[in-house]
Amino acid sequence: MLQRIFPSYYRHLVRMAWRDPQKIPSMMRLKLARRDNIPPPPGQRVPPPLVIAVRPTYNCNLRCLMCNQWGENGVFMKWPKRFVRREMTTQDFKDFFDEVSSFKPYIYFTGGEPLLAKDTLELIRYASSRHLVTSMSTNSTLLQDKAEEVIRSGLDYIYLSLDAPAPCDKEVIRRQVNRQDSNQRAVDSIRHLLELRDELGIGLPVVQIQTIIVKENQYKLLEMAHFVEDVLQPDVWGLQLCVHTTPELSAATTRIYQENFGQDQVGWEGFVRVFTSDMNFEEISWQLETIMSSRWKFKLRIYSPTGLPGFDLRRYYLEPERDSCDLQNFSCMNPYVFAQLQPNGDIAFCGSQPDYIVGNVKQHSFLDVWNSKRAQKWRHFLQKHSFPVCKRCFSLHEYQRFTKS
């Protein structure tokens with residue numbers, strides 16, 4: 001019956017609500033919420049966040065070139081002493097979910113590679129038991145042997161990273177620690193997960209393939225679209241621009257950190273990647289237009305700023321110091337809608353550069369950390385300023401939907 005009424009993606013959302021009706025408030029809060037009162041009146045606390053990213057580990061088994069953690073310029077590759085060790089126990093995470101369940105945030109498990117942590121699926125089961133909408137981002141290479149456990153964990157949504165069809169002539173994007181063909185292994189794991197999900201009749205999690213546009217896959221975008229539809233057949237395909245910056249912009253950001261917060265930053269150093277004119281922007285634009293104007297069995301999700309008024313693809317990649325579209329005065333909504341829980345219990349507002357910590361949930365309650373003096377200082381700064389690197393921040397554009405409508 002559902003198949004006749006709803007397309008695949010929406011059919012799975014109905015399944016999500018049907019499986020646990022107590023998750024509906026969280027689903028609606030994420031979809032419909034607006035933060036019309038930014039900043040709040042003096043003396044008032046900021047309402048709880050809509051999204052909390054949970055990092056059980058920063059370890060990863062791949063070395064993808066665009067990754068700010070483990071890529072060629074990755075933070076943990078260049079500054080291993082910045083690696084955040086796991087200090088949160090399984091019970092600490094469960095206590096955290098107990099606390100935040102009162103305001104129903106969307107819980108997003110990420111890493112590193114979250115499946116490298118032995119208790120990630122246990123944590124997903126527990127968060128789901130507290131009626132929290134859960135999602136996970138993974139490189140898919142460890143999914144093959146854990147597919148059934150993932151499906152039965154109660155996970156609602158899963159993001160599977162894949163940037164080119166398989167097999168590849170050369171693995172130029174997904175570099176691995178070992179010599180295994182990670183791209184083919186990821187494809188095999190994705191197909192297994194989808195087939196098993198249908199075989200078990202559970203219908204969840206919703207499966208989204210995530211592709212990032214870089215020069216190494218610039219001629220394979222349309223081919224990737226057909227590969228996703230014909231071979232993988234997920235519910236959603238997401239296409240996203242590569243977050244990047246320059247050494248000069250990162251250095252300028254560090255100076256602002258030092259002047260205003262008395263500390264340095266290295267998070268954006270991991271995104272230093274200089275694109276040159278060897279990218280064929282006409283070809284990329286043609287492929288994007290063809291993809292967006294075509295009908296697909298999957299739900300296509302093109303992430304902002306692509307499609308915004310005045311967006312210029314060439315300017316986005318070649319001139320990261322400039323705005324990529326005509327919309328001016330974007331304000332950062334992260335410190336009002338998003339929090340990131342580190343493996344040691346630290347809370348940060350910025351997923352791209354969690355150098356500035358507003359508190360630790362092993363020492364204080366989450367809502368006290370969320371409204372701490374350090375949190376207020378960060379918000380106050382971003383009300384008037386932005387960092388030089390922020391013009392290419394994924395969240396800067398995506399979270400604008402939570403501004404006043």
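Residues are numbered from 1 along each chain as its sequence is written, and side-chain values use heavy atoms, with hydrogens and water left out. Because the model is predicted, local features need pLDDT of at least 70 and side-chain atom pairs count only at pLDDT 80 or more, while totals for chains, interfaces and linings use all residues.

Start with the rings. The whole structure holds 29 aromatic pairs. Rings of Phe, Tyr and Trp (its six-membered ring) pair if their centres lie within 6.5 Å; planes under 30 degrees apart are stacked, over 60 edge-to-face, and the rest tilted. Buried means under 20% relative accessible area, exposed over 50%, and partly exposed in between, with a 1.4 Å probe and protein chains only.

One aromatic cluster consists of F96, F97, F103, F109, F349, F366 and W370. W370 also meets a charge: the charged end of R379 sits over its ring, 4.7 Å from the centre. The charged end of R379 sits over the ring of Y336 too, at 5.6 Å from the centre. Here a charge sits over a ring if NZ of Lys or CZ of Arg is within 6 Å of the ring centre and within 35 degrees of the ring normal.

Turn to the salt bridges. Side chains of opposite charge can pair when their charged atoms come close. The structure holds 20 salt bridges, each a side-chain nitrogen of Lys or Arg within 4 Å of a carboxyl oxygen of Asp or Glu. E269 pairs with K78, the closest N and O atoms being 3.9 Å apart. This pair links distant parts of the chain: E269 is in the loop between α10 (247-261) and α11 (281-293), K78 is in helix α4 (residues 75-78), and they are 191 residues apart. Helices (H or I, at least four residues) and strands (E, at least two) are DSSP runs numbered from the N terminus. E269 counts as buried because its relative accessibility is 16%. K78, at 39%, counts as partly exposed.

D264 forms a salt bridge with R82, with the closest N and O atoms 2.7 Å apart. The pair again links distant parts of the chain: D264 lies in the loop between α10 and α11, R82 in the loop between α4 and α5, 182 residues apart. D264 is partly exposed at 31%. R82 is partly exposed at 31%.

D92 bridges to K362, the closest N and O atoms being 3.1 Å apart. D92 lies in helix α5 and K362 in the loop between β12 and α14 (366-370), so the pair ties together parts that are 270 residues apart in sequence. D92 is partly exposed at 23%, and K362 is partly exposed at 42%. Salt bridges that share partners also join R19, K23 and D156 into one network.

Next comes the loop between β11 (346-348) and β12 (357-360), where S352 lies. S352 counts as buried, since its relative accessibility is 12%. S352 touches N68, G267, W268, F271 and C393, leaving aside residues up to four places away in sequence; contact means heavy atoms within 4.5 Å. S352 and G267 are 85 residues apart in sequence, yet 6.5 Å apart C-alpha to C-alpha. Q353 is found in that loop between β11 and β12. Q353 is buried, with 2% relative accessible area. Beyond residues up to four places away in sequence, Q353 touches T253, Y257, Q265, G267, W268 and F387.

The backbone has some marked spots. The peptide bond from L204 to P205 is cis, with omega near 10°. P205 is in the loop between α8 (182-200) and β7 (206-213). The bond from S304 to P305 is also cis, with omega near 15°. P305 is in the loop between β9 (299-302) and α12 (313-318). K104 is not a glycine, but has a positive phi of about 55°. S140, likewise not a glycine, has a positive phi of about 80°. S140 is found in the loop between β4 (134-138) and α7 (147-152), and is buried at 0% relative accessible area.
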